[in-house]
Amino acid sequence: MEERQTRDIVEFCQLHVRSVDQRTELKYVEQSTLLWNGTMAQGGEQILGFYGRMPSSRHKLEGVDAQPGRFEGEPCYVGIVRGTVSYGDCPPKSFVSTLIFGPAAVPMEQWRILNESFRFL
């Protein structure tokens, strides 16, 4: 994978986490699936509603692993994000999140999250 692709994937993951904290520009589509600590939300509207009911969050990223992948036969990207997150006044918890997004054939500004799995450690 090219260095530029890796930088774009890392940047996309950072932007996603910031968007979750700020509740802005979440990039899901109607085919998206979120699995958040065992709770599933399907479709962009349901995922946005799920995050809208969550307390305010503060993510701190400790690392992002970037790699190319395939989703339903199409080229895409995979970002594995780890760090800590705190909700409301609660102390931070460690987490890992796996994001599948793309499509790989379009510029980063057009990428959308196809699947996300978030888990506390």
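Modeller: One term before we start: two strands pair if DSSP finds at least two bridges between them. Helices (H or I, at least four residues) and strands (E, at least two) are DSSP runs, numbered from the N terminus.
Biologist: And the ground rules?
Modeller: This is a predicted model, where local features need pLDDT of at least 70, side-chain atom pairs count only at pLDDT 80 or more, and totals for chains, interfaces and linings use all residues. Residues are numbered from 1 along each chain as its sequence is written, and side-chain values use heavy atoms, leaving out hydrogens and water.
Biologist: Which residue stands opposite Thr-39 in E2?
Modeller: Trp-36. On the E6 side, Trp-36 has Phe-118 as its bridge partner.
Biologist: In which sense do E1 and E6 pair?
Modeller: Parallel, over 5 bridges, with E1 at residues 28–36 and E6 at 112–120. E1 and E2 (residues 39–42) pair in the antiparallel sense, over 4 bridges. Those two form a hairpin with 2 residues between them. Asn-37 in that turn has a positive phi of about 50°.
Biologist: What order do the strands of the open sheet have?
Modeller: E2-E1-E6-E5-E4-E3, 6 strands with mixed pairing. E2 and E3 (57–71) stand at the edges with a single partner strand each, so one side of each has no neighbour in the sheet.
Biologist: Which residue is the bridge partner of Arg-82 in E5?
Modeller: Val-96. E4 (residues 74–87) and E5 (residues 93–102) pair in the antiparallel sense over 9 bridges.
Biologist: Switching topic. Which residues touch the most other members of the largest nonpolar core?
Modeller: Among them are Ile-9, Leu-34, Trp-36 and Phe-50, in a core of 26 residues. H1 gives the most to this core, with 5 residues. A nonpolar core is a set of buried Ala, Val, Leu, Ile, Met, Phe, Trp, Tyr and Cys residues joined through side-chain atoms within 4.5 Å. Buried means under 20% relative accessible area, exposed over 50%, partly exposed in between (1.4 Å probe, protein chains only).
Biologist: How many disulfides does the structure hold?
Modeller: 0. A disulfide here is a pair of cysteine sulfur atoms within 2.5 Å. For Cys-76, the nearest cysteine sulfur is that of Cys-13, 12 Å away.
Biologist: Cys-76, buried or exposed?
Modeller: Buried, because its relative accessibility is 2%. Cys-90 counts as partly exposed, because its value is 48%.
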